[in-house]
Amino acid sequence: MGRVALVTGGTRGIGAAISKKLKADGYTVAASYAGNDAAAAKFTDETGIKTFKWNVADYEASKAGIETVEADLGPIEVVVANAGITRDAPFHKMTPQQWHEVIDTNLTGVFNTVHPIWPGMRTRKFGRVIVISSINGQKGQFAQVNYAATKAGDLGIVKSLAQEGARAGITANAICPGYIATEMVMAIPEEVREKIIAGIPAGRLGEPEEIARCVAFLASDDAGFMNGSTITANGAQFFV
Ligand code: NDP
């Protein structure tokens with residue numbers, strides 16, 4: 001059996017591609033999700049990957065879910081904090097609820113995911129923490145004050161964890177995808193999406209598998225000296 005990897009939000013979109021790639025590379029994969037039971041069941045049918053349901057925004061639920069995964073599959077050595085949501089609105093219309101839902105899921109959710117796993121990684125002197133941030137955490141985005149704040153915060157988390165974990169054999173890195181063809185992006189109105197694609201020098205959206213391959217590298221032994229880094233994968237969408 002290979003190393004145990006947990007992918008939060010691992011049943012759909014980018015997370016599903018990550019789960020499948022890690023399984024193909026020999027990991028024993030656990031994919032978590034929030035509530036879409038039908039998508040999770042279909043994913044397990046197609047891949048044979050076990051799924052586990054909990055809300056990453058809830059610390060106690062995350063801790064209990066992680067304990068269940070570890071009791072079932074063994075200690076988690078690779079964790080991919082991928083679960084994320086958008087609640088877009090221009091700032092003057094953004095409600096406190098939209099702000100808090102995104103902060104609780106995308107930022108506090110990373111704390112809730114990594115914190116229960118971290119002591120075991122320190123004890124075993126090995127760990128890989130990979131956080132899926134976003135280009136919009138690097139450059140900001142109209143109507144995404146909440147989302148951009150969380151994704152920029154994710155970069156601060158990995159840079160700090162990297163310094164705390166380095167001596168214990170733990171690496172923490174982030175990936176900033178550009179626009180990837182998942183339900184999250186296909187939910188953007190078509191005319192807006194067309195404008196987004198026109199602004200990508202590659203002339204297309206990225207594929208979830210292109211992010212999954214970046215994760216596989218960061219999880220591997222080959223990436224042992226990469227720590228606190230950000231991999232940018234966005235089709236040459238440069239920004240200042
Ligand atoms: P999707 O909406 O396609 O999938 C989201 C996944 O996360 C689902 O499995 C969902 O579970 C799960 N999830 C959502 N909220 C929670 C929660 N509170 N607790 C547990 N699981 C949850 O998203 P994408 O694949 O598009 O995005 C994945 C990550 O990549 C996100 O962090 C996103 O911000 C980031 N990203 C995406 C980009 C893109 O272009 N798509 C670009 C840059 C970054 P369920 O099925 O139950 O709803």
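This is a predicted model: local features need pLDDT of at least 70, side-chain atom pairs count only at pLDDT 80 or more; totals for chains, interfaces and linings use all residues.
Start with the whole chain. The protein chain holds 10 helices and 7 strands. Its radius of gyration is 17 Å, close to the 18 Å that the globule rule gives for 240 residues, so the chain is as compact as a globular protein of that length. Along the principal axes, its C-alpha atoms fill a box of roughly 45 × 40 × 35 Å. Of the 240 residues, 43% count as buried. Contacts also reach across the sequence. Among contacts in the chain with a separation of 6 or more, 71% are between residues 24 or more positions apart.

Now look at the interior. In soluble globular proteins, nonpolar side chains tend to be buried together. Here the largest nonpolar core has 51 residues. Ala 5, Val 79, Val 80, Val 129 and Val 215 have the most contacts inside it. Helix α10, residues 208-219, gives the most to this core, with 7 residues.

Take Ala 5 as a way in. Residues up to four places away in sequence are left out of its list of contacts. Ala 5 then touches Leu 22, Tyr 27, Val 29, Val 78, Val 80 and Ala 219. Ala 5 belongs to strand β1, residues 4-7. In a regular strand the side chains alternate between the two faces of the sheet. In β1, Val 4 and Leu 6 point one way. Ala 5 and Val 7 point the other way, and all four residues are buried. The partner strand is β2. β1 and β2 run parallel and are joined by 4 bridges.

Move on to strand β5, residues 127-132. Is this strand enclosed or open? 6 of its 6 residues are buried, so β5 is largely enclosed by the rest of the structure. Both faces are covered. Gly 127, Val 129 and Val 131 lie on one side, with Arg 128, Ile 130 and Ile 132 on the other. Val 129 is also one of the core residues with the most contacts.

Strand β4, residues 76-81, runs parallel to β5 and is joined to it by 4 bridges. Val 78 has Arg 128 in β5 as its bridge partner. Val 78 also touches Ala 5. Strand β6, residues 170-177, pairs with β5 in the parallel sense over 6 bridges. There, Gly 127 stands opposite Ile 170 in β6.

Next comes the ligand. How many residues surround the ligand? The shell has 30 residues, and the closest are Gly 9, Gly 13, Asn 36, Gly 84 and Met 184. The shell divides into 14 nonpolar, 14 polar and 2 charged residues. Several elements contribute. Helix α1 (13-24), strand β2 (28-33) and helix α8 (183-186) each supply at least two residues of the shell.

Finish in helix α8, with Val 185. Is Val 185 buried or partly exposed? Val 185 counts as partly exposed because it has 18 C-beta neighbours inside 10 Å, while a buried residue needs 20 or more. Leaving aside neighbours within four places in sequence, Val 185 is in contact with Tyr 179, Ile 180, Arg 193 and Leu 205. Asp 154 gives a sense of distance. Val 185 and Asp 154 are 31 residues apart in sequence and 20 Å apart in space, C-alpha to C-alpha.

Notes: Residues are numbered from 1 along each chain as its sequence is written. The radius of gyration is taken over C-alpha atoms; the globule rule is 2.2 Å times the number of residues to the power 0.38. A residue is buried if 20 or more other C-beta atoms lie within 10 Å of its own, exposed if 12 or fewer, and partly exposed in between; C-beta atoms are placed from the backbone. Two residues are in contact if their C-beta atoms, placed from the backbone, lie within 7 Å. A residue is near a molecule or strand if its C-beta atom, placed from the backbone, lies within 6 Å of it. Ala, Val, Leu, Ile, Met, Phe, Trp, Tyr, Cys and Pro count as nonpolar, Asp, Glu, Lys and Arg as charged, and the others, Gly among them, as polar. A nonpolar core is a set of buried Ala, Val, Leu, Ile, Met, Phe, Trp, Tyr and Cys residues joined through C-beta atoms within 7 Å. Two strands pair if DSSP finds at least two bridges between them.
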